[in-house]
Amino acid sequence: MSATGHQKWWRDAVVYQIYVRSFADADGDGIGDLRGITTRIPYISSLGVDAVWLTPFFPSPQRDHGYDVADYVDVDPQYGTLADVDDLVAACHAHGLRLLADIVPNHCSSEHRWFRDALAAPPGSAARRRFFFRDGRGDDGELPPNNWPAAFGGSVWTRVADGQWYLATFTPWQPDFDWSDPAVVADFDDILRFWLDRGVDGFRVDAVTHVGKAPGLPDMPPLEDGVGEIAAAGHNSYGMYWPSAHNVWRHWRDTVDAFECEHPGREVVLVAEAYTARRPDLLMDYVRPDEFHEAFSFDLMLAPWHAPSIHRAIDDTIATLHANGAAVTWTLNNHDTQRIVTRLGRPEAEDPESWTGNALSTTGTDIDLAVGDRRARALTALAFAVPGSLYLYQGEELGLPEVFDIPDDRREDPVFHLTDGEGLGRDGCRIPLPWSTEAATSFGFSTPARDGSVGEPWLPQPVAWGDYAAADQAADDESMLAFYRRLSAARRLRRWPARSSPS
Ligand code: BGC
C-alpha cells in the first residue's frame with residue numbers, strides 16, 4: 001500500500017508487451033514504429049490492460065533487435081523520434097495506461113560510443129574499465145581468458161586488434177559492462193532519470209541475472225554430459241546470479257524512490273527479467289524490499305500441460321514470494337519464447353519432464369493448434385485469476401501460433417546465425433501482427449507511405465495470417481480476442497481498493 005492508503009498500481013496490473021518492430025508500422029516501410037503504436041492505443045485500451053511495456057526502441061545496429069543499445073537516451077530513426085515518445089506517453093496517460101521502457105544494463109552495442117572509445121583506448125585505461133577487457137592465455141595470449149560459453153553460441157570472448165579480449169555474454173556485438181566501475185553506475189543513473197523525466201512509469205530490466213561476475217573471472221567447472229551449446233551459459237555460476245549485482249539493484253531502487261519523493265503522484269515500477277527456472281527462492285533475491293518491485297516468474301510459462309506441475313509452479317511461487325511480502329508477476333508469453341498455442345499443442349506437452357517452448361531450438365512437427373488453443377485459454381484464464389500482476393505479449397490475445405516457415409535468408413535472430421541454424425531462434429514469435437484481412441497492407445500492419453507504397457514486412461507473414469486478424473476477432477464473440485477482453489473485464493470487477501491513475 002502507498003502512504004495514501006491505495007494499492008500500488010503495479011501489484012496486480014495487467015501489462016501488455018509490445019515488440020515495437022512488429023506491432024504497427026505507420027510509415028509503410030515494413031518495420032513497426034512508435035507512431036504506429038500511438039495510433040493503436042484505443043485497441044490496447046480496449047484490452048482492459050493497465051500498462052504497456054515497449055521493447056527497446058533506442059538507436060541500435062539491431063544485431064539483437066534493440067537489445068544491443070548504441071545510445072540509451074535517444075530513439076532509433078527506424079522507430080521515430082523523442083517527440084514520438086512524448087506523444088506516445090501522453091496518449092497512454094490520456095487513456096489511463098502507464099508506459100514501461102526496457103533498459104538493458106548487462107551490455108550495450110559494440111557500436112556504442114563507450115565501447116568504441118574503449119577499443120581506441122589502451123589496455124588498462126579508464127575507457128576499458130567500463131567493460132571486461134583481459135589478456136588472453138597461451139604463449140601469445142592467443143587463447144581466451146577463460147572457458148565461459150556465450151548464451152547464443154560460441155565463447156563469450158572476442159579478440160581485438162591489440163590482442164586483448166573482451167567479454168560478451170550474448171553475442172560479440174553486445175559487450176558486457178563491468179558494474180564495479182563507478183562510471184557505469186553513474187551513467188545508468190542519468191539514463192533512468194532521463195526517461196523518468198520524460199514521463200515513463202517504469203522499466204523492464206533486461207537479463208539481470210548476468211550482471212555482476214565472479215572476481216578474477218575463473219574457469220567454470222566442466223559441464224555435465226548432454227548440456228547443449230545454447231544451454232551451457234545457464235550453467236555458469238561465475239557469470240550469473242553473482243551477489244555483487246544486488247548492490248546495483250539497491251542503488252536503482254534508491255534512485256527510483258528518490259524520484260517518487262520528488263514527484264508526488266508518480267508510482268514507478270522496476271521489473272526484473274531474472275530467469276531463475278523453477279527456483280522461486282533465487283527469484284526472491286531480486287524482489288527483496290529494497291531491490292526490484294517485481295520480477296517475472298517464468299515458472300507457469302515453463303510448466304508442461306500437466307496439472308501437478310502447473311499447481312506446483314503457482315503454489316511454490318506464491319508461497320515463497322508472499323511469505324516475504326513480494327508481489328508475484330506472471331507471464332505466459334514473450335518475445336523470446338514460442339507462442340503458447342503452439343507449445344501446448346505439441347504431442348509431448350503433457351509429459352511432465354518436457355518443456356515445449358524453447359524458441360532457441362524446438363521445431364514444429366505434429367502440432368495440434370486446436371488443442372493448443374483450448375489449453376491456452378484454460379491456462380490464460382488461470383493466469384488472470386491468480387494473485388499478482390500479469391504480463392501479456394502482443395498477439396497472444398489473437399491466438400497467434402509460432403511461425404516456423406521462415407526462409408533461412410529471412411531469419412534475423414542472431415541465435416539462428418551464430419549456431420548455424422542449430423538453434424532456430426526467436427523470429428517465429430515476432431512476426432508482424434495481422435490487424436485486418438487486407439494482404440496489400442501486410443494484413444493492416446503497414447499504413448502505406450505518402451507515395452502509396454507498402455514495404456515488405458521485416459519478417460514474412462504466413463499467407464493465411466489474415467485468419468487471425470484483430471478486426472475480425474473483435475466482431476466474433478467466440479474469438480480469442482473476445483475471450484481476453486472478457487477475462488480482463490472480470491478481473492477489473494474484483495479490484496479493491498482503487499488504484500491511482502497515471503500522472
Ligand atoms: C531479452 C532477449 C535478448 C537478451 C540479450 C533477453 O533476456 O529478452 O531478447 O536477446 O536479453 O539482451
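Colleague: Before we dig in, which pLDDT cut-offs and numbering apply here?
Modeller: Residues are numbered from 1 along each chain as its sequence is written. The model is predicted, with local features needing pLDDT of at least 70 and side-chain atom pairs counting only at pLDDT 80 or more, while totals for chains, interfaces and linings use all residues, and side-chain values use heavy atoms, with hydrogens and water left out.

Colleague: How many residues surround the ligand?
Modeller: Near means that a residue has a heavy atom within 4 Å of the molecule. The closest are D64, H107, D206, E273 and D336. By class, the shell holds three nonpolar, three polar and seven charged residues (Ala, Val, Leu, Ile, Met, Phe, Trp, Tyr, Cys and Pro count as nonpolar, Asp, Glu, Lys and Arg as charged, and the others, Gly among them, as polar). The count of surrounding residues is 13.

Colleague: How far is the polar side-chain atom of D64 from an oxygen atom of the ligand?
Modeller: A polar contact here is a pair of N or O atoms within 3.5 Å; within protein, one must be able to donate a hydrogen and the other to accept it, and residues adjacent in sequence count only if both atoms are side-chain atoms. An N or O atom in the side chain of H107 sits 2.9 Å from a ligand oxygen, and one in the side chain of E273 sits 2.6 Å from a ligand oxygen. For D64, the distance is 2.5 Å.

Colleague: How much of the ligand's accessible area does the protein cover?
Modeller: Areas come from the Shrake-Rupley method with a 1.4 Å probe, and for residues only the protein chains shown count as cover. On its own, the ligand has 310 Å² of accessible area, and the protein covers 96%.

Colleague: On to the strands: which residue in β7 is the bridge partner of A101?
Modeller: Strands (E, at least two residues) and helices (H or I, at least four) are DSSP runs numbered from the N terminus, and two strands pair if DSSP finds at least two bridges between them. Strand β3 (residues 98-103) runs parallel to β7, with four bridges joining them. The partner of A101 in β7 is F203.

Colleague: Are the residues of β7 buried or exposed?
Modeller: G202 and R204 point one way from β7 (residues 202-205), and F203 and V205 point the other way. Buried means under 20% relative accessible area, exposed over 50% and partly exposed in between, with a 1.4 Å probe and protein chains only. All four of these residues are buried.

Colleague: And what stands opposite V205 in β8?
Modeller: β7 and β8 (residues 269-272) run parallel and are joined by four bridges. Opposite V205 stands A272.

Colleague: Which residue of β9 partners V271?
Modeller: β8 and β9 pair in the parallel sense over two bridges. Both faces of β9 (residues 294-297) are covered, with E294 and F296 on one side and A295 and S297 on the other. V271 has as its partner E294.

Colleague: What is the bridge partner of S297 in β10?
Modeller: Two bridges join β9 to β10 (residues 329-331), and the two strands run parallel. The partner of S297 is W330.

Colleague: Which residue of β6 stands opposite R134?
Modeller: β4 and β6 (residues 165-167) run antiparallel, joined by two bridges. Opposite R134 stands W165.

Colleague: Why does Q17 count as buried?
Modeller: Q17 lies in strand β1 (residues 14-18). Contact means heavy atoms within 4.5 Å, and leaving out residues up to four places away in sequence, Q17 touches W53, T55, N333, N334, H335, L392, Y393 and Q394. Q17 counts as buried because its relative accessibility is 1%.

Colleague: How far apart in space are P460 and I431, C-alpha to C-alpha?
Modeller: P460 lies in the loop between α15 (414-418) and α16 (470-474). I431 is among the residues that P460 touches. The two are 29 residues apart in sequence, and in space the distance is 7.0 Å.
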